[in-house]
Structures are given as C-alpha cells and as structure tokens.
Amino acid sequence: MADQGSFVRVTRLAKKRAAEAMVQHLQQPNKKRVVLCEIQDLGINQIDDKLFDSLPLRPKCKQTTTRKLKSSEKEKEFDVDVNLDDDPQMCRAYASDIYDYLHQMEIEKKRRPLPDYLEKVQKDVTANMRGVLVDWLVEVAEEYKLLVDTLYLTVSYIDRFLSVNVIPRQRLQLLGVSSMLVAAKYEEIKPPHVKDFCYITANTFTKKDMVKMEAGVLQSLKFEMGNPTTKTFLRRFTRVAQEDYKNPDLQLEFLGYYLAELSLLDYNCVKFLPSLVAAAVIFLSRLTLQPKSHPWSLALQSCSGYRAADLKECVLNIQDLQLSRRGSSLGAVRDKYKQHKFKCVSTLSCPLEIPDLFFEDTT
C-alpha cells in the first residue's frame, strides 16, 4: 500500500510540473511581432524594402454588373452534382438549393463593401496600404494556423468597415487584427485570444483598444458576420472543373486557392462578386495548366451562371497579379504557395496574353 501511495504522489507531482511547464510555455509565445502603424503611401510596385525591415512576418471603380444566365439561355443542362459521392457531408440532394441561396446572399447590399470606398469614404488610407495590411494578415493567419475561411472573412470585414467608417492609417493595423479576431471567433473551434493579437502587433495596441475596435467592427457589420466568400464558391467550381478527371487534380485545386488569395490583395477586385472571382480563378487556373485548351466549359458555365465574356475583366486583373505586373512586393501569398505541400503552384505562370476567342461563348 505504501508503494501505491508513493506512486500516486509521484504521478500527481509529475502532472503538476507538466501543467506548470505548459503555462510557462504559453506565457512566452514565440510569435513574431509586427508594427504596421506607419504604413506609407507608396506605389504598389515600388514599396520601399525598408517598410518590410520591421515585418518579420512579411507582413476609380464602378460596380461591375454581370449578367447571369437565365434557365432558358442555358444551351445544355448539367447535373453539376452528379460526380458527388455518397458522402452526406457533400449534401448532394440539396447542394443546388444551397448555392442558389448563397448567390442571392452575396448580392445583398448589407453584405457588400462599396466598390470605390477608398475614393468616396477614406481620406488617409490607400489601396497600397490595404495591400500591405492584407499581405501581413496572410502571414498572421499562417502563424496562428487559422482556417483560410477566417482570412477571407477578415478581409471582407475590413472592406465593409472601411466602406462606412473613416479611419487614420495609424489604426489600420488595429482594424485588421480586430477583424481577424471577430472572424476567428466566428469560424475557428479554438480562436486566438485578444492578448495574442496584441502581442503580434508588438503590443502597439492594448486589450482595451482591441475590444473597442472589435465592438466597432461588429456594429459596422450590424452583426451580419456570415456571408459567402470566394472560397465558398471555389470549392464547388473546382469540383465541376475536374469533371473529366479520373482522380482529383491537386495542382488545379491549389492553384485556384493561390490565385484566389492573390485577389484578396488587390483593391480592384473588391467590386467583383465572390462567385465571379471564384469563376475567374478557375478560368485562369485551367488556362495556366492547359494553355492551348479552352479554359471554360458548358458545365462550368451552367454551374456558375457566368459566360466566359463575363469573366474577362476579373481574369485580366488576377492575371496581372499572377504575372507580378502588380503587387510584386507583396510576397506572403507567393511564399506560402511556393511550399511543396502546395505543389509550388506560385511558381507557375499563365500565358502573357489570353486569346480573345477564349472569352467567346462556349459551344
């Protein structure tokens, strides 16, 4: 009995020491801290490297209206869910109804940012500053291992907040991390704490600052936090794009994710609906992998509701990002997708020019 009692005491002591070690480890995070308060207004292709010295984490638009296809205009009907397996998670029985609802939701005014809010609302924030902030948030999301859905919602919240609130550049980083805090609470099972986001900004902002800005974000959103993003539609479009493949093409999937995240950096993409960006991403991904084949199909047209011609402006915008014609100094997304686990898709390039015939209707 004495031996058993000793074993119990030793076990309890070991557990106590392990718990103390864990607390000490959590109190000394190894996250890299970044100060972005003094974001300069520089050309997006001429951002001074000195701006990134302190970033260990590297840190005239009109609403585009796109004509969606009517049922009577579809030359051929496709069961876009025919390739879904029997996994109930894929909701094959009512997937079409779900996406019809999401298409209706994405056009609701309360869930959309102004397409030209930097020109009409903001006085001290520029597209370049927004790009630097989003680039840094990509790395923050990677550092804390957040879901990519959290990143998309974060950027959506930032754009919607800036559409109705004037903010000085010194508080732009606070808006970014507060928006990510709200998005993480919405999406993550175990979101980071307020103190984690304070730390990642080198304690430039206090917990009080963070909580106050969080409340401001929620009020600006009118607590409408759930909205479809580019990633929401990209999941479905990617599956349809692989209709002729015997096995899932991971390279196509990762390339789509890469281009979609690149679009987050570009203020010019704010005016496009998430579903249109997702469709443009699939168009450009297929073109990159098979440059001699028409990148759009009747199945994709039927599924997305967009003709190839509807995608042209958005495709050309994202093509410029992929070819580093714009945003070349913003490297977080490019570095992320250079990893082998993503099949190094950021090293791939699409053709320098896209033939006009690819934007003609598919037959």
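Q: How far apart are the end C-alpha atoms of helix α3, and what span should its 12 residues have?
A: This is a predicted model. Helix α3 covers residues 95–106, and at 1.5 Å a residue its 12 residues should span 16 Å. The end C-alpha atoms are 17 Å apart, which agrees.

Q: Which residues of α3 are buried?
A: The buried residues of α3 are A95, Y99, L102, H103, M105 and E106. They lie on the same side of α3, because the arc they cover around the axis is only 160°.

Q: Why would residues a few places apart point the same way?
A: An α-helix has 3.6 residues a turn, so residues three or four places apart point the same way.

Q: What do the buried residues of α3 pack against?
A: They pack against α10 (230–241), α12 and α13 (298–304).

Q: And which exposed residues are on the face turned away from the buried side of α3?
A: That face carries D97 and Q104, which are exposed.

Q: A change of topic: what is the volume of the largest cavity?
A: The volume of the largest cavity is about 310 Å³. Its lining is made up of 22 residues, and the closest to its centre are R112, D159, T230, L264 and P274.

Q: Which helices each supply at least two residues of that lining?
A: These are α6 (148–162), α11 (250–265) and α12 (274–289). The most comes from α6, which gives four residues.

Q: How many of the lining residues are nonpolar, polar and charged?
A: The lining of the largest cavity has 11 nonpolar residues, five polar and six charged.

Definitions and conventions: Residues are numbered from 1 along each chain as its sequence is written. This is a predicted model: local features need pLDDT of at least 70, side-chain atom pairs count only at pLDDT 80 or more; totals for chains, interfaces and linings use all residues. Side-chain values use heavy atoms; hydrogens and water are left out. On a 1 Å grid over the protein atoms alone, a cavity is a set of points where a 1.4 Å probe fits but cannot get out, and a pocket is an open set with protein on both sides within 12 Å along at least five of seven lines; lining residues have an atom within 4 Å of a point. Grid points are joined across faces, edges and corners, and a volume is the space filled by probe spheres set on the points. Ala, Val, Leu, Ile, Met, Phe, Trp, Tyr, Cys and Pro count as nonpolar, Asp, Glu, Lys and Arg as charged, and the others, Gly among them, as polar. The expected span of a helix is 1.5 Å times one less than its number of residues. Buried means under 20% relative accessible area, exposed over 50%, partly exposed in between (1.4 Å probe, protein chains only). The arc is that of the directions from the helix axis to the C-beta atoms. Contact means heavy atoms within 4.5 Å.
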